[in-house]
Structures are given as structure tokens and as C-alpha cells.
There are 2 protein chains.
Amino acid sequence: MRVYNFSAGPAVLPEEVLKKAASELLEYGDSGQSVMEMSHRSKEYEVIHDGCIALLREVMAIPDNYKILFIQGGAHMQFEMIPLNLMQKGKADFVVTGQWAGKAHSEAKKYGEANLIASSKDKTFSYIPELDKSKFTPDADYFHICENNTIFGTKFWSLPETGGVPLVSDMSSCILSEPVDVSKYGLIYACAQKNMGPSGVTIVIIREDLIRDLSETKFPTMLQYKIYDENNSLYNTPPTYSIYMCKLVLEWIKENGGLAAMKAHNEKKAAILYNAIDNSKMFSNPVVKKDRSLMNVTFVTGKEDLDKKFIAEAKKAGFVNLAGHRSVGGMRASIYNAMPVEGVQALADFMKKFEEEN
Amino acid sequence: MRVYNFSAGPAVLPEEVLKKAASELLEYGDSGQSVMEMSHRSKEYEVIHDGCIALLREVMAIPDNYKILFIQGGAHMQFEMIPLNLMQKGKADFVVTGQWAGKAHSEAKKYGEANLIASSKDKTFSYIPELDKSKFTPDADYFHICENNTIFGTKFWSLPETGGVPLVSDMSSCILSEPVDVSKYGLIYACAQKNMGPSGVTIVIIREDLIRDLSETKFPTMLQYKIYDENNSLYNTPPTYSIYMCKLVLEWIKENGGLAAMKAHNEKKAAILYNAIDNSKMFSNPVVKKDRSLMNVTFVTGKEDLDKKFIAEAKKAGFVNLAGHRSVGGMRASIYNAMPVEGVQALADFMKKFEEEN
């Protein structure tokens, strides 16, 4: 029996998608091969590869002047690639709203001036800081945010107004959860393993004028966006099966109403869980209400022993991966697109029962 | 019906492995989850991750002073990481026996002195050059070879005697095809998608004294071996499903007699195909006999039109991906571990029939 899996990533995938993948794992269509066995230069694979790109463009309404790249190495590799590729004048602005935003900031220091515009570290990243526009660097190469914080459960509900400075957003844990206006960004990146597919592939959506020719530099070839762009992400063998899985997930999103429907579905789930927490005397959510994430819902009892008991009993009852990130403890329920309403309602019911009994 | 797939990579996988993967794709054991959905920090995944490492160590008899790392980005990323991590004195030696060895060589020039010891480019890489030891750099940081050339179908059947200089080998297309003495190498690397699993993960086997602390440098964090080593390849989310597939393939190898049995199996297949070519008046293999690969068998008719006709008719008959690499043309049959003897025999029979008819 399948459990309700609240993992922050790799995370739950739609059951229909997994069933389809299982059914065609040995033979894809009439190709006589598994997708895993297909040459990345074959016509059979080309349909999958280009199909995934086209579907992502359609589902996210990505304008034509943005390129979609498949890159390996996770968001962490982007912490390197973004400054390496985008820092022309050698400076960028950062808002630090958690561990990953902090890493993006500290890695960028290797490549140039990485200015800290604001941070919410003073209150354990429990809010999104107000931004003082006078602190922004007017001629920065880019302005970086981590749009949804997976660990602490916060979300930017309005974007910084950066004027002509390209906005770069780590959307790893919120991509595909709601419609976004891609034209407001210079670059969007997201590892797949939260809302899009299995781990092993990272999506980069980049405005084409930001893709620089670095062939005359000594920068690692595999870290240059232009190499991926020029070769349709087929300079070398891409993670073909991960891309295939992303395509199946995108088909599922489209069949289920696209991103507007995903947003409504996600708001409904988040409301159930936040209401359960707000109406509880045992559980509380440490995040400033207006900054709450739809994807990652954190909560604590205030007592470490009780948190542990809750996590253990929840696991026995079929709710897994509810422990908070190893750096913060407490509980976290990640409720990405693929988590059904029933899973969240069942968790809320379980929390109520646990509170009554303890 | 499954075809006989002679792709050079991603390549055929054992049918038993694919069936097992399909059967547990929705739910792995009693975990209630797909492997793709498992948190990479969960106990369930840990068993797979550490199990894959332990199996590879067992199957290849890897000594304790070698570390096994899972890295993304393919062999191409290793063309960058190897010089970046290993070039301390800033010089290394290279033998260029084909396109990938050539890329490894040219990428290394970014990081230091990359000396060309020998090349077989003069005869379209159809042989492994004799090495003049007096040309070796005595204090090089390493000596690089591509042990099996996937495109041209050559293989180093004896290793260069590099003395104290660590030998670095790209084993992408021959790893797991026969027993090797790992202690003769400083570093072995191989992308998975030929003999080990799906694309998206690359295995690095490195002697531990070669792992340098680069934390004080400005080198990209994700390109430092020490980061992977210190974190058991879990610094960030690894390509979990690809690693799981590699584990299944390693289990299959072990169950089928390990690397000694694989070697016998591969020699048998290669003999069938080379004999068919050598006994043919239509087909010929351009490689010097003593340097022939067991994994990639190239052949040509000498007429481009006839090559095309052969490839097209073979495809109709259920033999796919027989076209040579786009850079060289002709035919290539990649006959990795997972290709059954029956597949190779059927191809040899088909070649005979084609010759009679044309």
C-alpha cells in the first residue's frame, strides 16, 4: 500500500505517472526498448526530449525569447553556473531567506561582489524581509532570490522590483505550483525532484540575451549555458530517463487543468493544513502568516520529545517524511502538486487525534 | 517485442533488470513509495545508495584505499574535474586514441600543461599507439588514457607503465566488462549509460591520497572530489533512481558470475561478430586486430550507400542503432554485457544473409 509521502524532495509523484512509467518501462510504445536504453541521438528519444521542452513552454507560457535547458548537478550546480555565466560587471544582489539562498550567496562570492540586500536570519528565516530599494545595486548583473524556502516554509508573494536588473529565481520548490509571469525574470532554475520529476535533472529557463559566449575563457565547458543552448542540451548525454519522467509529469499537469488548477488545488491543501495548525493548541507554525509557503508547511509542538513522538506515530499511521530538515528539527509537510487533498486531510485529522491523546 | 539494441550508450540493459525495476516502480519493497520518491536522506534510500557502493566494491574488487563517488554531468564533467582536482604541479600526460580522449586532453589545457604523448589520429584512430616511455613526464600529476574507444572500437590491452605517476582511465565503455586490477590506477571514471545503468550518473573510483582539499580555492564546490567524498556523494541530492538502477545491474552481474563470467560472455560475442566480419567479402573492420574492442565492433562495406541500406534493413529486421558515430559513419555494434549471445549471433546471421542478397 502506498503511504502519504511528505518528503521535501525527492518527493511524491502522481500515482498515474508512476503507473504509466511502470507500464512502459520495458518497452516504450512500439520502440522495442526502454526509454533508459534509447540512444540520446535517436529519433525515438528526440520526441521525448523536444516534447518535454515544448510541454514546459506551453504549461508555463514561457515566451519565445527564453531558452529551456536541462543541466545536471542540481540547484547547487546553478549556485556556481549563475555567477560564472551572468557576472559580467562582477556584481550581483542577494536576499538571504534560508540555507539555499545563503549558499547561492556565498558561492557567488567566488566570482565577484555578492551584495547582501536583506536577510531574515535574525528570526530563523521565519519571514520574507521587506526590501529597501535604495540598497539595490543599480548596475548589478542580476538580483537573486530563492522564491520558496523549502526548509522554513516561506514564500515571496511579491517579486522585488529590480528595474533593468535581471531577476534570478531559485524556484526548485515552487515551480509548476502556480502560474508565473516568466517575462518578469531573467533566469529561473529548479531541480526537478520536488514538483517535476526524479532527481538528476535541473531546469534552467534563461532569457536568451543573458547567454554569453564564454568559449574564449578558461571556464569549465560543462558550466557554460551557451554550450547547452547551442546543442539543445545534447552536447553530451543528458539524463534521458529523468527528462522522460518530467515529460510525464507535465502531461499530467496539463491533463489536470494546468497551473491555474494546480494553484487552486495547492491553496486548498495548504488551507486545510494551516487551519488545522492555527486551530490547534499543540501545534504552531513559526512563519509570519503573509509569508507562508503553499508547498512546505512547517509546524512544531514546542517540545522536542513530543515532536519526535508525533513523527514516529505518524509514520506508523502511513504519513512519512514529516521530520523537519536536519538543520532545524520540528515537523514539515511538503505538499507538492502530486500530494492529493485526501493525504492532507488525513494528516490534519491525524494531528487532531494526536493532540486529543497527548 | 523487444528489439536487439546495439546503441553505444545509453545502451541495452538486462531484461531481468528492467522487469524488476518495472515491478517495483510504484512501490519499492514495503516502503510504500517509488525509489524516485524517496528522500535521499531516508533510511530506505540509504540502503540502496550504500548497497550500490558496496556491490561495486565487491564486483570490481576495489581496494579499501579507493573511494567510490557518484557525480553528475557525464564523462565530460570529468574532463574538467580531473585536471582541476589532480593538477597540483600543473602537468599531465595524454594518449589520444579518439574523440573523447581528445576532448579530455583539450579541456585539460585550461588547467595546466597537457602533454600529448602519442596519438593514433594519423590513421583515423584505428589502432592503439605504441608508447615511447622516454616521452613520459616523470613528475606529471597523472597520465590519462581512454581505455576503450567507443567510436572507433579500439582497446588498450596492456596499460602504460607510468611508474609513480597515477594512471587515470576513462572506462566509460568497458567498465564491468572484465576483471581489472584497480590498484594499477589512480583514478577510474565511467558514465553509467553503457555498461552500468541509465544516463545521469558517473562513477569515479579514486585512490584516496589523490583527493585534495580545495576549500581555500575559488574552484566550483560541485567540481571538488573532496566534497563528494566527505559527504558519501550526498552533499546535495544525487541522481537516486539512476543509482538504484546501477545497483540492480550490479546484482545481475553478481548473480551471473561476476566479471570473470562477463569477460567470457563478452569474448564469445565479440568472436562471433569479428569472425563474421573477417569471413565476409563485403564487411571489414578497420581496426588493427590486436587492438580490437570487445565492446564496440565497427564495420564498413566500403560503400556509403550500401552501409545505409544495411542499417535500414537491419532496423526493419529488429537490429537497431547500428549506425556508426555521426562523426565517422559506417556501422557499429555495441555489445555490452546486457547484449545476449543470441542477439550477436542473429546479427551475424543477418549480415551473412545481407551479403548473399547484395
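Chain A exposes about 13,300 Å², and carbon and sulfur atoms supply 50% of that area; the areas come from the Shrake-Rupley method with a 1.4 Å probe, and for residues only the protein chains shown count as cover. Please note that this is a predicted model, in which local features need pLDDT of at least 70 and side-chain atom pairs count only at pLDDT 80 or more, while totals for chains, interfaces and linings use all residues. Residues are numbered from 1 along each chain as its sequence is written, chains are lettered from A and ligands numbered from 1 in the order in which they are written, and side-chain values use heavy atoms, with hydrogens and water left out.

Of the 358 residues in chain A, 64% are buried, meaning under 20% relative accessible area with a 1.4 Å probe, protein chains only. Chain A contains 9 helices and 13 strands; these are DSSP runs numbered from the N terminus, H or I of at least four residues for helices and E of at least two for strands. The C-alpha trace of chain A spans about 65 × 60 × 30 Å along its principal axes.

Let us turn to helix 4 of chain A, residues 99-108. Its buried residues are A:Ala101, A:Lys103, A:Ala104, A:His105, A:Glu107 and A:Ala108. They pack against helix 3 (74-86) and against strands 3 (91-96), 4 (113-119), 5 (142-146) and 9 (187-191) of chain A.

Next, the interior. A nonpolar core here is a set of buried Ala, Val, Leu, Ile, Met, Phe, Trp, Tyr and Cys residues joined through side-chain atoms within 4.5 Å. The largest has 187 residues, and A:Ile205, A:Tyr241, A:Phe310, B:Tyr241 and B:Phe310 have the most contacts inside it. Apart from it lies another core of 65 residues, including A:Leu86 and B:Val204.

Finally, two loop residues of chain B. B:Gln193 sits between strand 9 (187-191) and strand 10 (202-207), and is buried, at 6% relative accessible area. Which residues does B:Gln193 touch, not counting those up to four places away in sequence? Among them are A:Thr237, B:Gly9 and B:Pro198, contact being heavy atoms within 4.5 Å.

B:Phe152 lies in the loop between strand 6 (148-149) and strand 7 (154-155) of chain B; its relative accessible area is 11%, so B:Phe152 is buried. Leaving aside neighbours within four places in sequence, its contacts include B:Thr97, B:Phe125 and B:Val328.

Conventions. Buried < 20%, exposed > 50% of the residue type's maximum accessible area, 1.4 Å probe, protein only.
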